[in-house]
Amino acid sequence: MNIIITTSEVVPYVKTGGLADVTGALPDALASLGHNVKIIAPLYKAIDKQKFGIKPLEVYEGKQQIKIGKKVYNLDVYSAGNLKKGVEFLFVANDTLFGRDGIYLDTKKGKDYPDNDERFIFFALASLEVAKGVDFRPDIIHANDWQSGLVPGYLATLYKDDSFFSDTRSVFTIHNIGYQGHFEKDIFPKLGLPKSLYSPGSPFEYWDHVNFLKIGITTCDIITTVSETYAEEIQSSNEMGFGMEGILFYRRHDLYGVLNGVDYEIWSPENDDLIPQKFSADDPSGKEKNKKELLDLCGLKPKGKRVPLIGVISRLADQKGFDLIEKIADDLFSLDLTFVLLGTGSKNYHTLFETMEGIYPNKVKAFLKFDNKLAHMIEAGSDMFLMPSRYEPCGLNQMYSLKYGTVPIVRKTGGLADTVKDYNADTLNGNGFAFEEYKPEKLLSAVKRALLTYKDSKVWSRIMNRGMRADFSWDKSARRYVEIYRKAHQKEKTTL
Ligand code: ADP
């Protein structure tokens, strides 16, 4: 199959979260199964063209301009070349829209760019035009999250009679339903669609607004999300579906959960060049050195011989359960443990962890930044990984943690529920610690259970080992996507 993946971020070029990990790894896995894949992303200023050898596409023969409302934007197209057989990364460029410091946010103001509507209208139209310009007829266009929501939207409307796309079907993946691209209704004319498409109940109307996520969900041929449990959860309640639960329930027969894979070439302690000492399930002894170096780097001085180190790597957002940590912070940090956090996000959580560092200087260290190398070091050097998310579509860090023998402590939701099984002291089964109710005392008792279990080093080694041997590689997930692409292909095309 010819497959186009449209995404607003992709590893190794630009990343704010898990979406980039997925769109960076899935193409290779699909290519290994014999498919041709082109990934299309915006060329942000943050992408280092020189470092990655990204060059203007000389043979590009498509449109050079994109009209949005009354404005006309130039479209330049770049390519990172064919890095692997069957995989090409293409970038759509416009300096006015993407030549700024932030990806989605104005970094100085800490707020969404006010013209994110135009940026991602441009991105959707440009992606379809680029396919035509490079003459790559896609069997599938796989769009991701709200930033790509208009891709299926345009395929079902403006491009429905375009013979170039007559065999194209669309798959739309929700990586996080909490982010929707929700705009005032006056932006509708910018979409360049007939007025008749903006009526109550139409894909392009959402409570008197325009919502790019809703457009994606309602106009694509098949919807997927990134774990089976999350696929159920987002239909089940307003709290989990963020207002999309009704339309998702309506389309439940077209909705599938596919767990993200892990790119073990990047995230695996036996191959990891970013950590002080490599180790593996067969010989985990090197983990000790990673812990020692991490503790030194953090300036943490545990009192006692075998004090566990709990790691956190996360966006500091409400979704990730930091309000629970905030409520039990003193009880938590009074326990016999050390704690290292890497993350950026909400100011109140920056303040929380700065305060905790001040109160517990020998126990708590917070790195309030984005730092990929440090993320690897924390995975390698911690004993436990804390992820008490309110909701978690898939979550990658718990899977990385399992591989690094860093036992996850998670809330049982979404992809966390699908990957981390609670340790049972009677049956000795399980690869981590999980709690169900979103309550601070439940989190605290899960941590206490983990600390108690850690005291028994034999039992702990078994739990670690089980996690390190689990396999969440991309191959299985990519095969599942291919099945879904084939299903989409057999369907009647969605048109409006
Ligand atoms: P989400 O996509 O909701 O942010 P995931 O667990 O799916 O959560 O993916 C997060 C990804 O971003 C992981 O690869 C994680 O290591 C990385 N990450 C998050 N915050 C940081 C940070 N401050 N520094 C380095 N990497 C980070």
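**A pocket and a ligand**

Guide: Happy to! Keep in mind that this is a predicted model. Let's begin with the second largest pocket, where helix H1 gives the largest share of the lining, seven residues. The space in this pocket comes to about 530 Å³. Its lining has 25 residues, and those nearest the centre are Gly-24, Ala-25, Asp-28, Asp-263 and Glu-265. The elements that each give two or more residues to this lining are H1 (18-32), strand E6 (76-84) and helix H18 (474-490). Sorted by class, the lining holds 15 nonpolar, four polar and six charged residues.

The ligand has 19 residues around it, and Lys-15, Gly-18, Arg-315, Lys-320 and Lys-369 come nearest. At Gly-18, a polar backbone atom is 2.6 Å from an oxygen atom of the ligand. At Arg-315, an N or O atom of the side chain is 2.7 Å from a ligand oxygen. At Lys-320, a polar side-chain atom lies 2.8 Å from an oxygen atom of the ligand. On its own the ligand has 560 Å² of accessible area, and the protein covers 93% of that.

E16 gives the largest share, three residues. By class, the shell has seven nonpolar, six polar and six charged residues.

Notes. Residues are numbered from 1 along each chain as its sequence is written. This is a predicted model: local features need pLDDT of at least 70, side-chain atom pairs count only at pLDDT 80 or more; totals for chains, interfaces and linings use all residues. Side-chain values use heavy atoms; hydrogens and water are left out. On a 1 Å grid over the protein atoms alone, a cavity is a set of points where a 1.4 Å probe fits but cannot get out, and a pocket is an open set with protein on both sides within 12 Å along at least five of seven lines; lining residues have an atom within 4 Å of a point. Grid points are joined across faces, edges and corners, and a volume is the space filled by probe spheres set on the points. Helices (H or I, at least four residues) and strands (E, at least two) are DSSP runs, numbered from the N terminus. Ala, Val, Leu, Ile, Met, Phe, Trp, Tyr, Cys and Pro count as nonpolar, Asp, Glu, Lys and Arg as charged, and the others, Gly among them, as polar. A residue is near a molecule or strand if one of its heavy atoms lies within 4 Å of it. A polar contact is a pair of N or O atoms within 3.5 Å; within protein, one must be able to donate a hydrogen and the other to accept it, and residues adjacent in sequence count only if both atoms are side-chain atoms. Accessible areas come from the Shrake-Rupley method with a 1.4 Å probe; for residues, only the protein chains shown count as cover.
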